Amino acid sequence: AVPVTRICSRTQSSSSSSSLDYDTLLELDLKQSVLDTGGITKQELIVNGELMSFAIRRGVLQQVLIDNLSEDTSNRMFLDKTLRGVEQQGSGGDGNEQGITCVFEDGTIEGPFDLVVGCDGINSAVKQFVDTGSLSSKTTTNQSSLTNSAIYSGLRVKFAVSDDPSDTSDNGTELHQYFGDGTYTLAGTYGAGAGKPPSRMAFVVYRDDNYFGPFRKPPRVEEEIQKQKKTETEQEKEPDENTDWTQDNTFMAATTKNNNSIDPR
């Protein structure tokens, strides 16, 4: 891991049109900030004179955590398992232990447990079970139900990673944030594991210019909207993105002209 010493936040300049100029929003010396705060914050975050703030790649951190599990815990950790069912066991008085059991695709059953916590990501089988009370088949789960339950946010992410053997980052790293017009960037140096050079990494989050609410406009409707914008003298107001997007005919609000609507279907 690489110690994080400073955080710098910048935005595009309010007084210059050049993309190379910027305004500084924040320059934070992390260690000095903690020292100035004092109290329990200083006691917990300053250990042997060193600030407990580090930058490390996610996969490397996961490996560090796994490597430092106790033997008893690591022996009870199973990978490459696919959840296929969650069942309540025992009703009391029948001699069976009460609790929740988890049924997996390979036929194994684990439990009973008092509590099941699902941390299985965007296509979560546990979430589907909580929402519907059941789990669909593998094909349906992976390709239909869970995919369709996700809503596109209109935000896109790109990142770049470059190993830098010449940078030992002995003096720590600074994390730089940049706020632009519909764009956010984070850049810095991150630890890549013991005996490996650190990695320079940059992440860019930006909005999709073609995004319209949680759905894209149908191509024919979009074409008509663009045509209207060219022919009308006044700019036509598009529908509020906070409207009820469950109705397909919401798009008609953006394509109404002279009381003639376009069927979005």
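Student: Which residues form the nonpolar patch on the surface that has about 290 Å² of accessible area together?

Tutor: This is a predicted model, in which local features need pLDDT of at least 70, side-chain atom pairs count only at pLDDT 80 or more, and totals for chains, interfaces and linings use all residues. Residues are numbered from 1 along each chain as its sequence is written, and side-chain values use heavy atoms, with hydrogens and water left out. A patch is made of residues with over 30% relative accessible area and no salt bridge, like charges being joined within 9 Å and nonpolar side chains (Val, Leu, Ile, Met, Phe, Trp, Tyr) within 5 Å. Areas come from the Shrake-Rupley method with a 1.4 Å probe, only the protein chains shown counting as cover for residues, and the members of this patch are L45, V47, M52 and F54.

Student: Is M52 buried, partly exposed or exposed?

Tutor: M52 sits in the loop between β4 (50–51) and β5 (54–55), strands being DSSP runs of E with at least two residues and helices runs of H or I with at least four, numbered from the N terminus. Buried means under 20% relative accessible area and exposed over 50%, with partly exposed in between (1.4 Å probe, protein chains only). The relative accessible area of M52 is 34%, so the residue is partly exposed.

Student: What percentage of the residues of the protein count as buried?

Tutor: The accessible surface of the protein comes to about 18,600 Å², with 49% belonging to carbon and sulfur atoms. The protein has 265 residues, and the share counted as buried is 24%.

Student: In which sense do β1 and β10 pair?

Tutor: Two strands pair if DSSP finds at least two bridges between them. Strand β1 (residues 2–12) and strand β10 (residues 173–179) have seven bridges, and R6 stands opposite E174 in β10. The sense of the pairing is parallel.

Student: How far apart in sequence are the parts that R6 and E174 tie together?

Tutor: A salt bridge is a side-chain nitrogen of Lys or Arg within 4 Å of a carboxyl oxygen of Asp or Glu. R6 and E174 form one, their closest N and O atoms being 3.5 Å apart. R6 lies in strand β1 and E174 in strand β10, so the parts they tie together are separated in sequence by 168 residues.

Student: Which residue is linked with R6 and E174 in a network of salt bridges?

Tutor: R6 is partly exposed, at a relative accessible area of 23%, and E174 is partly exposed at 32%. The structure holds eight salt bridges. The network that contains R6 and E174 also includes E27.

Student: Which residue forms a salt bridge with E105?

Tutor: E105 has a relative accessible area of 39%, so it is partly exposed. The closest N and O atoms of its salt bridge are 3.6 Å apart. E105 is in the loop between β7 (99–104) and β8 (109–113), and its partner, 21 residues apart, is in strand β6 (residues 83–89). That partner is R84.

Student: Which residue in the turn between β10 and β11 has a positive phi?

Tutor: β10 and β11 pair in the antiparallel sense over four bridges, with T185 in β11 as the bridge partner of Y178. The two strands form a hairpin with three residues between them. The turn residue with a positive phi, of about 75°, is G182.

Student: Which residue in β12 stands opposite A187?

Tutor: Eight bridges join β11 to strand β12 (residues 199–207), and the two run antiparallel. Opposite A187 stands A202.

Student: What distance separates the C-alpha atoms of A160 and R200?

Tutor: A160 is in strand β9 (residues 155–163) and touches R200, M201 and A202, not counting residues up to four places away in sequence. At 46% relative accessibility, A160 counts as partly exposed. A160 and R200 are 40 residues apart along the chain, and their C-alpha atoms are separated by 8.1 Å.

Conventions. Contact means heavy atoms within 4.5 Å.
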